[in-house]
Amino acid sequence: MSWAERLVQCLKDSNISLIAFVPDVSIGQATRLMEDDPFFHLVYASREEEAIGIAVGAYAAGRNSAVFMQSSGFGNCINAIGSLCIPHRLPIPFFINLRGDLGDFNIAQLALGRATRPILDTLGIPHYTLTEEHNMEKIVKGAVQLCYASREPVAICLTPMLHGGKIA
Amino acid sequence: MPIRNVDAVRIMDEHRGDGVFVATMNANNVTFGLPTVTTHEQLDLPLSGCMGKASSVGLGLALAQPDRKVIVLDGDGSLLMNLGTIVTISNKAPENFYHFVFDNGVYAVTGGQPIPGAENASFEGMAREAGYAATYEIEDTEELSTRIDSILQQKGPVLVCLKVTPEIENTPIQARPRASRTMQVAMQELGEILGS
C-alpha cells in the first residue's frame with residue numbers, strides 16, 4: 001500500500017468519515033482515494049476556517065470528522081481553531097501538509113510551513129509528524145484516539161520525507 | 001411592522017418543528033434573541049465569538065443529519081467574515097439547510113459601527129447568484145409570519161435576508177448578562193437527541 005492508502009485506511013479504522021478541505025494538489029493523493037470510496041463524505045470548502053466549522057458541525061451531529069489542509073491553510077484557520085475547537089473541547093484531527101521544507105520551490109509557502117508546529121505548540125495542540133510510512137498506523141491511530149479521549153484537537157503533520165514533495 | 005430581533009426568533013421558533021437552530025450574535029442574544037423564546041432548547045446550538053462560523057457549523061450538521069432541518073440564524077457582519085461559505089453551501093446543496101441572515105447593517109455587539117456595504121450590498125442577491133435553491137428578502141414582521149411555513153417547506157439551501165431593526169448594546173460586555181448554557185452543554189444535549 002502507498003502512504004496515502006495507509007493513511008486513508010487509518011481514517012476508516014477510526015470511523016472518521018466526513019472530511020472537509022480546500023481542494024489542493026498537495027493533499028490530493030489522499031483526498032482522491034477518499035473521493036472514490038463511498039465510506040467517505042468529502043466537503044470542499046472555500047477556505048480552511050470554513051472546513052473547521054463544517055467538521056465541528058458534523059461532529060455535533062455525531063459523525064467523526066477531520067480537516068485536511070496545508071500549512072498555509074493552517075494559517076487561514078487559526079482563529080476558528082482558537083474560538084471553536086479549543087474553548088469548546090471539540091476533538092477534530094487536523095492533517096497538515098508541511099510546506100517550506102526539503103525541496104520546496106515556492107517562497108510564499110515558507111513562513112507558515114516553518115511556523116506551523118511552533119504555533120501548534122503555542123496553542124497547546126499536540127502534534128505528530130509523519131516522515132515515514134512504517135509507523136503510520138501507530139501514529140495516526142494513536143493521535144486520533146488521544147484526540148477523542150482528551151476531547152481536544154490534535155494535528156498530524158505530513159512531510160516531503162513521507163510523500164516525496166508537492167505531489168503529495 | 002419593522003422586524004425586531006425577538007419577534008423574528010419567536011416566529012421562527014414557532015415554525016421550527018424538530019429543526020436544529022445554529023444561532024449567533026444578535027439572533028443568539030441572551031436578552032432579545034433565541035434563548036429568550038426557544039421552545040426546544042436542546043435543539044439549539046448557540047455560537048458566539050467565532051467570527052462567522054455559524055453557517056459552516058450548520059452545513060456540517062446538515063450534511064451529517066440529512067433528514068433533519070438545520071436552520072442557521074446568522075448575522076450580517078458574521079456572514080461577511082465568512083462570505084465564501086455561500087458558495088461552499090450552494091456547491092453541496094443540502095436540501096435541509098435554511099440560512100437566515102439578521103441584517104441590521106451594523107456590528108451591534110461592539111457598539112453599532114456600520115458594516116461594510118451596509119447601504120448597497122445585498123446578501124439575498126449574493127446567495128441567489130451563488131446558486132442557493134431559493135432566496136428572499138423580508139423586512140416586515142407580518143410578511144415573515146405569513147411566509148415562514150412555506151419557506152421552511154421548500155427544498156434548500158434557502159437564504160432569507162431579514163431586515164431587522166438594530167438593537168445596539170452599549171453596556172460594557174463584561175456587565176452584560178451571560179448565556180445560561182455553554183456550547184459544551186449544548187453540544188452534549190444536541191448529541192443525545194441526534195443519537196451521537
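Predicted model: local features only at pLDDT ≥ 70, side-chain atom pairs only at ≥ 80, totals over all residues.
**Helix pair.** I looked up helix α4 (residues 85–92) of chain B and helix α5 (residues 123–130) of chain B; their axes cross at roughly 40° and come within 9 Å. For the hand, I noted that the crossing of α4(B) past α5(B) is right-handed.

**Residues in the contact.** I listed I86(B), V87(B) and S90(B) on the α4(B) side, and M126(B), A127(B) and A130(B) on the α5(B) side. Sorted by class, this contact has 5 nonpolar residues, 1 polar and no charged ones.

**Around α5(B).** I then checked burial along α5(B) and found F123(B), E124(B), G125(B) and A127(B) to be its buried residues. The buried residues of α5(B) pack against α3 (76–81), α4, β4 (97–103), β7 (134–138) and β8 (158–163) of chain B. Just past the end of the helix, I noted a positive phi of about 110° at G131(B).

**Chain interface.** Last, I turned to chain B against chain A. The two chains bury about 2,000 Å² between them, with 64% of that on carbon and sulfur atoms. Chain B contributes 29 residues to the contact and chain A 27 residues. Of the area that chain B buries against chain A, 23% comes from K53(B), Q184(B) and M187(B), more than from any other three residues.

Methods
Residues numbered from 1 in each chain as written. Chains lettered and ligands numbered in written order. Heavy atoms only, no water. Axes fitted to C-alpha atoms, helices over the stretch in contact; angles between N-to-C directions. Helix = DSSP H or I, 4+ residues; strand = E, 2+ residues; numbered from the N terminus. Left-handed = near helix turned anticlockwise from the far one by under 90°. Contact = heavy atoms within 4.5 Å. Nonpolar A, V, L, I, M, F, W, Y, C, P; charged D, E, K, R; others polar. Buried < 20%, exposed > 50% of the residue type's maximum accessible area, 1.4 Å probe, protein only. Buried area = accessible area lost by both parts, 1.4 Å probe.
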